[in-house]
Amino acid sequence: MTHPLLTDTADRKMLLLGNEAIARGALEAGVAFASAYPGTPSSEIALQFFHIAREQSDLYFEYSANEKVSLEMAAGAAMCGLRAIVSMKHVGLNVASDALLTLAYTGITGALVVAVADDPFMYSSQNEQDSRYYAKLSSLPMLEPSSVQEAKDMTHYAFDLSEILRSPVILRTTTRVNHASGVVSLGHLRRRVVAGSFHKDPYSYVCIPSVSRHLHPKLLKKTDQAANIADESSWNFIEGNGSFGVVCNGVSYGYVVDAITESGYKDRFKILRLGFSHPIPEKRILEFLDGCEKALVVEEGEPYLEEAVRVVAHKNGLTTPVFGKGDDLFSRLYEFDPAIVKNVLAKVFDMPFPIASPINTRDFPAAPPRPPNLCAGCPHRAAYLAVREVFGDSAIYPTDIGCYTLGLHAPLNMGDFLIAMGAGLGSAGGFARATGKKVVAFIGDSTFFHSGLSPLASAVYNRHNFLLVILDNGTTGMTGHQPHPGVDVSHLGLDKTQIDIESVVRGLGVKSVTTINPLHFAKAVEAVKRISSESGVSVLIMKAPCPLYEKTLPGHKSRRPYEVRPERCKNHRICLDRTGCPAFHIEENLVKIDSHRCTGCALCAQLCPEKAIRSAAREDNKR
Amino acid sequence: MKTTRIMIVAVGGQGNILAAKLLGEAALSCGIDVRMSEFHGMAQRGGVVESMVILGDGAGYCIADGEADVLLGFEPVETLRAARKCSARTLVITNTAPVLPFTVALGHAVYPDIPLALRSLASRVGKLTTLDATTLARLTGSVQSLNVVMLGALASSGVLSSIGTGAFEKAIQGKMKAPLALQNLRAFQSGYEACQNEIRGNSACAVE
């Protein structure tokens, strides 16, 4: 079946997710090369290319080991004249930034779009950094769509702009665009050019100091050229001609337009929407400020545009009051919504913006929380319990980014420090040296390939003392089961080389390496005990497949669910209280197992002292 | 078209995102502009899933507190959790069958008295319609169809008069293969009729 994004009917209207629209924009621009490391809210961009590349073999797509590699990969293709895209979440750009900042110096000869998705409010991220500053830091052009239609159109334009400037272009979105859906009018699919050539020019591409000294001024010239384009760009438009000015970007534009339209004061306002927001279009901002009594900047995150507007005003001797972030105004925290924007508009322009009145809910009973939990049958639960069995609260547990971060919650309570991909392993030696305590660091298989290799080499070399547990569930779980270098993907018809984690660990010089299935609980606890007194870096690979992923594999047979035998159950609830498995529930004050949720992992059956939990299959056989 | 804001809340796995997509596709096929946003970061892990569907005029993708014209809740506690999106004129349609959070099983939280809480909610919003969509879905062949039962209930509420049932049925057939589509069409009909019955005064699915 043809992938829906390959529909080649121009002007056809489709309901698309923001991320699908970005992928469609790239296809309309004739993208030939795409790479990514998955990360919410960007993951569905790469997912489209993953599926399409299996249908159309002339599109190259790969999941790279991390964002830096994926950017470098796309840069290589773009250096040979191809049109390439790389997509990542905001913190992924931190990983890729080393390459990006000097790639800005060399530029590229084809086109390269760097799609980066910020996550204000941190729906599924460890921070809410504002990635727009990377455009400033790298001097690269940046585009910011306000709608799903623009997400498609701007992506297409980003390729054209990149080719004109011979420079990577940043396409910066936020969750509310990536995970929004809207009606998109399609354009034509451009034929992709799939073969490139590389023209050697070391004095432009090999960034030794003498070359870079000559490339930096070239970059600044390109930035001037980009600024001229931004000044004329239709992505930076002015609406209305009132004396009250509002500057906005991204999703804030929708809130501003709706608020002003609803208020009925359209004639009092003038809106400057900045979609091509780096380099700052100074002339356009100046044109806008002309005749403005005062201006309000509406942007989520940091005062990036506000600072720019103030600079333009100051440079040109304007005294127009500029408002934006501040105690009574907009916050640098979290997401905006229509009410937040209306409130500040009302304050700054001293006019009513009617706000909906929510019902009183204060006396409603508290809704019990639903924190995300490890799934029923998740092998990470068994791995954490096995480690806890041996070390309890006495060890320090630096952890890492993935599903297994959820081990933080009660009753597992496993996770003492979490900042970035690979940092659990990276920080372990520091905790151990500083305290002399036992340290057990956790890392997932995908995260291990992403950024576990160099900290492990460093720890072995520097003779640190800690236990590293690699939670190997055979997939990138949290972001939707993307493959990584440790995964066999032959069943998908993909020709890749699977890398064995244990060999990698041994290759990095670790002497004590054990691989065990954590769902064989007694053996797993035994293994942790045996390793517990070792000095140096020991690695325990806890290997068992993600039950959600396993279900999708060919030839998979589900195990029978387990059940509680009421005649044996003493109702002490050790099973439930220790595991926190979501397959358990309480019915008439007794523990029951939901047969639809239970995957038959048998962890609880191994924990029950009365052996009161048995496979439903065995019961059937007995009868 | 005048803007209509529909907030859909559910527990991960209940099919919230698909329901929003079907609603969006149905609207699009009637020539109505659609803007939606979804929040499902860790939904597969038992979390809360929210969809905001905005039909008609406007540019925003987000529903502020008190702005929802309709709150469609697939689980009663999730309906309560999202009640701040309602104003005194909001239509609330909720499934009454609970999905217990594991925090309740662990004894870390209490599942509230739902009929009592829904009575308070009913007294503050424009209208509250309740139905046991989980049972209705099971009766049509699969619990998984509770999202489409809820969509049927929404379609019969009268709020979306410009989207005919035919548009919903076409959307269901467009997103699913034949046998599954057939079963979901039954689910849609079942939710539709359940609310029609309530409107006619049959209290089978009313709260009081």
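1. The interface of chain B and chain A. In this predicted model, 59 residues of chain B and 59 residues of chain A make the contact, where contact means heavy atoms within 4.5 Å. About 4,800 Å² is buried between chain B and chain A, and carbon and sulfur atoms give 65% of that area. Buried area is the accessible area (1.4 Å probe) that two parts lose on being put together, summed over both.

2. The rule finds five salt bridges between chain B and chain A; a salt bridge is a side-chain nitrogen of Lys or Arg within 4 Å of a carboxyl oxygen of Asp or Glu. R370(A) and E78(B) form a salt bridge through their side chains, at 2.4 Å from N to O.

3. What chain B supplies. The elements that each give at least two residues to the side touching chain A include β1 (4-11), α1 (16-29), β2 (34-39) and β3 (48-55) of chain B. Helices and strands are DSSP runs, numbered from the N terminus: H or I of at least four residues for helices, E of at least two for strands. β2(B) gives the largest share, six residues. By class, this side of chain B has 31 nonpolar, 14 polar and 14 charged residues. Ala, Val, Leu, Ile, Met, Phe, Trp, Tyr, Cys and Pro count as nonpolar, Asp, Glu, Lys and Arg as charged, and the others, Gly among them, as polar.

4. Domains of chain A. Chain A is divided into domain 1 (4-230), domain 2 (237-349), domain 3 (379-488 + 496-550) and domain 4 (562-622). The bounds come from an automatic or database domain assignment. Domain 2 and domain 4 of chain A have C-alpha centres 59 Å apart.

5. A helix pair in chain A. Helices α3 (residues 67-79) and α4 (residues 90-106) of chain A pack at about 35°, and their axes are 7 Å apart. Axes are lines fitted to C-alpha atoms, for helices over the stretch in contact, and angles run from 0 to 180 degrees between N-to-C directions. Among the contact residues are L71(A) and A75(A) of α3(A), with V95(A) and L103(A) of α4(A). The contact residues divide into seven nonpolar, one polar and four charged.

6. Backbone points to check. Most residues other than glycine have a negative phi, and most peptide bonds are trans. The T40(A) to P41(A) bond is cis, with omega near 5°. P41(A) sits in the loop between β2 (33-36) and α2 (43-55) of chain A. The A410(A) to P411(A) bond is cis, with omega near 5°. F121(A) has a positive phi, near 80°.

7. T479(A). Apart from neighbours within four places in sequence, T479(A) touches P38(A), G39(A), T40(A) and S43(A). Its side chain makes a polar contact of 2.7 Å with that of Q482(A).

8. Conventions. Residues are numbered from 1 along each chain as its sequence is written, and chains are lettered from A and ligands numbered from 1 in the order in which they are written. Local features need pLDDT of at least 70, side-chain atom pairs count only at pLDDT 80 or more, and totals for chains, interfaces and linings use all residues, while side-chain values use heavy atoms, with hydrogens and water left out.

Terms used
A polar contact is a pair of N or O atoms within 3.5 Å; within protein, one must be able to donate a hydrogen and the other to accept it, and residues adjacent in sequence count only if both atoms are side-chain atoms.
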